[in-house]
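Subject: Structure handover

Dear colleague,

Here is the structure for your files. My notes on it follow below.

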Amino acid sequence: MLTRRTFARLAGAAALALTVALPAWAEPVVIKFSHVVAPDTPKGKGAEKFKELAEKYTDGAVKVEVYPNSQLYKDKEELEALQLGAVQMLAPSLAKFGPLGVQQFEIFDLPFLMNGYDDLRKITDGEIGKSLLSKLEDKGITGLAYWDNGFKVMSANSPLHTPDDFLGLKMRIQSSKILEAQMQALGAVPQVMAFSEVYQALQTGVVDGTENPPSNMYTQKMHEVQKHATISNHGYLGYAVIVNKAFWDGLDPAIREKLSQAMAESTEYANSIAKQENEAALAAMKAAGTTEFHELTEDERAEWVEALKPVYEEMSGRVGADLIEQVRTTLGSTN
């Protein structure tokens, strides 16, 4: 027979067990992760890796729903959706923060600023990268990481060997005053357009060409509707993984710590495959034979660099002359 004391002890233990078990019964925290590119791009694969690790490390307390290819929102819509809490996580290209009022991110759009991934890491992994992410806090956004896509090629239906070849071409760009100035400096007519609309615009001749890392060009099948491309590596396309600040701050600290771990590991994964993915995409497009690829000679590159120098002076007031100088000092650059 149970004594009153034993019964009370067992009842207390049962109540404690019930309390401990309750979180496992609660509905999982849902993170809607929206992006505008294909699942088989570096960003697409990074998002899937984050989903896998976030759900694993939180033992299912978090559920990540990934929506690629502008399934939920197009370029111009997604940041507003994040700020309103309609989605919790995005990985927009860095140029998207200019229209939001944080023009300093457009430093990454300056042509021939960085000479490869070593230069890039000095910026994104250093004090400059951290300082830029902190500027999003006032917009209700928390920046978590930088994800690479890669360095861009120029494409069109005519050869693009020298700046003169751009004269009068309608070139699609994402919304960025620096990219607009870049195309104008080359003599082209910049056309701002959502990424999801580019293939059809190229196919129908609404625009003549565009710029993209090879992985974006290949996964969106742009090589099927572009006869020429120049491997210029003139600019960088990367992303900032961001979350709604109120959502992030409101998470249980233990959950937030696990998600930060998942983000750190998925960032390492996404960035490790970016260069490889772009090389594979370039090889696949060359093999397809629908686009003729041109490597800039040293003389041609010098012509491009010279033609684009005015962009730095014109845009220094927008991104900050001090920031440009800080980046140049960090990289030892003279461009």
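Which side chain meets that of Glu211 in a salt bridge? The partner is Lys152, with an N to O distance of 2.9 Å. Please note that this is a predicted model.

The Glu211 and Lys152 pair joins distant parts of the chain, 59 residues apart. Glu211 belongs to strand β8 (residues 209–212), and Lys152 is in the loop between β4 and β5 (153–156). Both residues are buried.

Confidence

The chain has a mean pLDDT of 91, with 92% of its residues at 70 or more. Residues 1–25 are below 50, and beyond near neighbours in sequence this stretch makes three contacts in the model. Where pLDDT is low, the predicted coordinates should not be read in detail.

Other salt bridges

In the whole structure, 14 salt bridges were found. One of them pairs Glu137 with Lys245, whose closest N and O atoms are 3.8 Å apart. Glu137 sits in the loop between α5 (127–134) and β4 (141–151) while Lys245 is in helix α9 (residues 245–249), so this bridge ties together parts 108 residues apart in sequence. Glu137 is partly exposed, at 29% relative accessibility, and Lys245 is also partly exposed, at 24%.

Lys63 is partly exposed, because its relative accessible area of 39% falls between the 20% limit for buried and the 50% limit for exposed.

Nonpolar cores

The largest nonpolar core has 55 residues, and the members that touch the most others are Phe97, Phe105, Ile107, Phe108 and Ile242. Helix α11 (residues 298–319) is the greatest contributor to this core, supplying eight residues.

What surrounds Ile242, leaving aside its neighbours within four places in sequence? Its contacts include Leu79, Leu82, Met89, Leu90, Pro92 and Phe97. Further along the chain, Ile242 is in contact with Leu136, Ile141, Thr142 and Gly143, and Gln88 is another of its contacts.

Regards

Conventions: Residues are numbered from 1 along each chain as its sequence is written. This is a predicted model: local features need pLDDT of at least 70, side-chain atom pairs count only at pLDDT 80 or more; totals for chains, interfaces and linings use all residues. Side-chain values use heavy atoms; hydrogens and water are left out. A nonpolar core is a set of buried Ala, Val, Leu, Ile, Met, Phe, Trp, Tyr and Cys residues joined through side-chain atoms within 4.5 Å. Buried means under 20% relative accessible area, exposed over 50%, partly exposed in between (1.4 Å probe, protein chains only). Helices (H or I, at least four residues) and strands (E, at least two) are DSSP runs, numbered from the N terminus. Contact means heavy atoms within 4.5 Å. pLDDT is the predictor's confidence in each residue, from 0 to 100. A salt bridge is a side-chain nitrogen of Lys or Arg within 4 Å of a carboxyl oxygen of Asp or Glu.
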